[in-house]
2 protein chains.
Amino acid sequence: MAKNCNFIEKLRELGLRPTKQRVKMCEVLFNREKTFHFTINDLVKMISEEMNEKISLATVYNTVHAFEKKGYLKEISINSDKSYFDTNTSVHHHFYDEDTHELIDCDENDIDPVNIKKNITGKKINSVEVLVKVESDNQNQKKFN
Amino acid sequence: MAKNCNFIEKLRELGLRPTKQRVKMCEVLFNREKTFHFTINDLVKMISEEMNEKISLATVYNTVHAFEKKGYLKEISINSDKSYFDTNTSVHHHFYDEDTHELIDCDENDIDPVNIKKNITGKKINSVEVLVKVESDNQNQKKFN
DNA sequence: AATCTACATTATAATAATTCTAAACTGTTG
DNA sequence: CAACAGTTTAGAATTATTATAATGTAGATT
């Protein structure tokens, strides 16, 4: 769909210099049909699979945070040892599969809007996130220990 | 309220040896009117303030996880660099103050139950958590930069 | 096109949270 | 009270992330 030159233009619009590392990361992150979730580690793997040259880990962190600050990535809250990011930056909720550690988007229609009747005085709401933790439902399959 | 001997008895019931470290941690965590939130760091500080002897960091981690596994502590999801725990293990939601990094219980009546209309097939729901991120609402107070 | 400069990248070190390890210690059981 | 399994401990190891400081480069200026 979008070609490199588009990313170059887009980066410039955002006030980010279109370095080859950033353009590459745009391709990996945004040049696809569907949005997806990833950890920094996932992303490093994806990049190295699609590339002969390597992008430094520090650059991956820097660029992910730059894209996040510009609103093109969203960090997702999971109590875990690592951060998850989402290329879907719209307001939506998640299932988290505790078996596979996979993060899955909730369809907008699958969870009714959360009704917050009372907020904390003097504070404004920045975001409302629902995290539904799920696990395989194998009643038959007993664990050995 | 509950005295040491009660904690000793309680620990034994749970199949946890009532070592002096565990009893001490019970006092710090559960011997109070209100439930509260803490990080491991907070807890270590609380313990050292109330004690002449120290409890090893590894033991604090071990014991917190033991209590969590037994269902007397709950880990709370916040995208952050550290884990938050809650001595309130009932189903309830949270406000997270992004200014102060404070975690505040939602009153049960302040958020309507979350209605999940469609789950993932073959999976059972372990938990549903709402996290409402808030920030001070000072329209008047402009930021310099 | 050569030069300049602020912004970027990089390898590496540093930090922080957490887990692992293996030795020493201690409730509990017989 | 002896024995053993479960615990604690200090410190090392691991993992995720951020900081540092030298080098590289995009884009403006000459």
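Asp99(A) and Lys123(B) pair up in a salt bridge, with their closest N and O atoms 3.4 Å apart. This link runs between chains: Asp99(A) sits in the loop between strand 4 and strand 5 (102-105) of chain A, while Lys123(B) belongs to strand 6 of chain B. Keep in mind that you're looking at a predicted model.

**Salt bridges**

- Counting over all chains, you get twelve salt bridges.
- Lys123(B) also meets the side chain of Asp97(A) in a salt bridge, this one at 2.7 Å from N to O. Asp97(A) is part of strand 4 (residues 94-97) of chain A and Lys123(B) is part of strand 6 (residues 123-136) of chain B, so here again two chains are joined.
- Asp99(A), at 37%, is partly exposed.
- Another salt bridge links Lys117(B) with Asp112(A), and their closest N and O atoms are 3.0 Å apart. Lys117(B) comes from the loop between strand 5 (102-105) and strand 6 of chain B, and Asp112(A) from the loop between strand 5 and strand 6 (123-136) of chain A, so this pair joins two chains too.
- Asp112(A) has 25% relative accessibility, which puts it in the partly exposed group.
- There's a network as well: Lys24(A), Glu27(A) and Glu50(A) are tied together by salt bridges that share partners.

**How the two chains are related**

**The cavity**

- How many cavities of 30 Å³ or more are there? The count is one.
- The largest cavity holds about 80 Å³ of space.
- Residues from both chains line the largest cavity, including Ser77(A), Glu129(A) and Leu131(A) on one side of the list and His92(B), His93(B), His94(B) and Val130(B) on the other.
- Two elements give two or more residues each to this lining: strand 6 of chain A and strand 6 of chain B. Strand 6 of chain B gives the most, with three residues.
- Sorted by class, the cavity lining has four nonpolar, five polar and two charged residues.

**The largest pocket**

- About 410 Å³ of space lies in the largest pocket.
- Which of its 20 lining residues come closest to the centre of the largest pocket? They are Asn79(A), Glu98(A), Lys133(A), Ser127(B) and Glu129(B).
- Strand 2 (74-76) and strand 6 of chain B are the elements that give two or more residues to the pocket lining. Strand 6 of chain B gives the most here, with four residues.
- By class, the lining of the largest pocket has four nonpolar, eight polar and eight charged residues.
- Glu129(B) turns up in both places: it is in the lining of the largest cavity, and it is one of the residues closest to the centre of the largest pocket.

Methods
Residues are numbered from 1 along each chain as its sequence is written. Chains are lettered from A and ligands numbered from 1 in the order in which they are written. This is a predicted model: local features need pLDDT of at least 70, side-chain atom pairs count only at pLDDT 80 or more; totals for chains, interfaces and linings use all residues. Side-chain values use heavy atoms; hydrogens and water are left out. A salt bridge is a side-chain nitrogen of Lys or Arg within 4 Å of a carboxyl oxygen of Asp or Glu. Buried means under 20% relative accessible area, exposed over 50%, partly exposed in between (1.4 Å probe, protein chains only). On a 1 Å grid over the protein atoms alone, a cavity is a set of points where a 1.4 Å probe fits but cannot get out, and a pocket is an open set with protein on both sides within 12 Å along at least five of seven lines; lining residues have an atom within 4 Å of a point. Grid points are joined across faces, edges and corners, and a volume is the space filled by probe spheres set on the points. Ala, Val, Leu, Ile, Met, Phe, Trp, Tyr, Cys and Pro count as nonpolar, Asp, Glu, Lys and Arg as charged, and the others, Gly among them, as polar.
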